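I want to see what surrounds the ligand here.

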Amino acid sequence: MTQAPVNVTVTGAAGQIGYALLFRIASGQLLGQDVPVKLRLLEIPQAVKAAEGTAMELEDGAFPLLAGTDIFDDPKQAFEGTNIALLVGARPRSKGMERGDLLEANGGIFKPQGEAINAGAADDVKVLVVGNPANTNALIARSHAPDVPADRFTAMTRLDHNRALAQLAKKLGVPVTELKKVAIWGNHSATQYPSVQHAEFGGKSIAEAVDQAWLENDFIPTVAKRGAAIIEARGLSSAASAASAAIDHVYTWVNGTPAGDWTSAAVVSDGSYGVPEGLISSFPVTAKDGKYEIVQGLEIDEFSRTRIDASVAELVEERDTVQKLGLI
Ligand SMILES: NC(=O)c1ccc[n+]([C@@H]2O[C@H](COP(=O)([O-])OP(=O)(O)OC[C@H]3O[C@@H](n4cnc5c(N)ncnc54)[C@H](O)[C@@H]3O)[C@@H](O)[C@H]2O)c1
Ligand SMILES: O=C(O)C[C@H](O)C(=O)O
């Protein structure tokens, strides 16, 4: 192991996703089996003790690639020198809380974290926001990190992408490895648009192989409402699958997408496909040389246009709310 360890900051480290995520990072699945990592865990003061327990377990794993674990309750320290920032900790919606209240509470978390990333993160920092509402939390963090290039801020829709792959593989009776060019557009919320317009299986069109009624009445709502279905079944939101998707998102970002395929990530819009510039919206993206890029030049049919516009309208509303609250 000659390479210097990569610093990985994980916020909400004592939460459910943190518990599922940290051991996979330590085992080399985030960056690769030859890349040592140093973990920097951020928690609120009340949860530092629990994070310490997780750090003891990480130590007990004797992971060859884990160069150490540090715990912080101050974002400035947690993001000092960080190369990969996984923003998982967020304020969940509690009973009676309006969407505006939720956005405001999360502004109190993601504003100082954006400032801390701006002040102290490494020059090559890559940020993935997982904590909900993920797209708008990423927008808040990004707007407080003016010195960090916009393309370093992303939010997670890889879980939705993976959910879409799983549903399609089941329907078509093929392994997920045969599926290509599935895309999630818009917000990580029930308005998201999981699209098969350009998707293929074994070189054939998926849109032609399944009927439109199944897409509209089954596939799209199943993927878009899967998070709620898991909460209903488990009594807790998805954790292991969310951690797995976070691993996939960063691994792909660093190591690239295979030729002839793409994945989905919420990235800062450059105005492509009519999505207002600056919004953090999900697109089909490729990754190369450590950069995610929006796939260009896709023809968008009328059905897709309506669905994309509806989800983007929700993102615009969220952006306008946080703007009014002075959070961006
Ligand atoms: N984007 C996605 O696909 C996706 C999927 C699943 C869950 N989520 C979201 O991920 C978030 C975390 O989920 P979870 O199940 O791990 O929640 P959890 O409640 O189990 O853990 C959250 C942790 O964050 C910590 N935290 C709160 N404020 C913090 C702050 N300011 N700094 C650092 N840590 C802080 C809490 O102390 C807690 O330990 C939630 O917002 C959830 O909705 C997103
Ligand atoms: O935490 C949630 O509200 C659901 C989560 O975003 C998910 O998609 O599983």
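This is a predicted model: local features need pLDDT of at least 70, side-chain atom pairs count only at pLDDT 80 or more; totals for chains, interfaces and linings use all residues.

How far is an oxygen atom of ligand 1 from an N or O atom in the side chain of asparagine 132? I looked it up: 2.8 Å, and a polar contact is a pair of N or O atoms within 3.5 Å.

Residues are numbered from 1 along each chain as its sequence is written, chains are lettered from A and ligands numbered from 1 in the order in which they are written, and side-chain values use heavy atoms, with hydrogens and water left out.

Next I checked two other side chains. Glutamate 43 has an N or O atom 2.6 Å from an oxygen atom of ligand 1. For glutamine 16, a polar side-chain atom lies 2.8 Å from an oxygen atom of the ligand.

Then I asked how much of the ligand is covered. On its own, ligand 1 exposes 870 Å², and the protein buries 81% of that (areas by the Shrake-Rupley method with a 1.4 Å probe).

Who is in the shell? I found 23 residues around ligand 1, and Gln16, Ile17, Glu43, Val130 and Asn132 come nearest (near means a heavy atom within 4 Å). The shell splits into 12 nonpolar, 10 polar and 1 charged (Asp, Glu, Lys and Arg count as charged; Ala, Val, Leu, Ile, Met, Phe, Trp, Tyr, Cys and Pro as nonpolar; the others, Gly among them, as polar).

How values were computed. A polar contact is a pair of N or O atoms within 3.5 Å; within protein, one must be able to donate a hydrogen and the other to accept it, and residues adjacent in sequence count only if both atoms are side-chain atoms.
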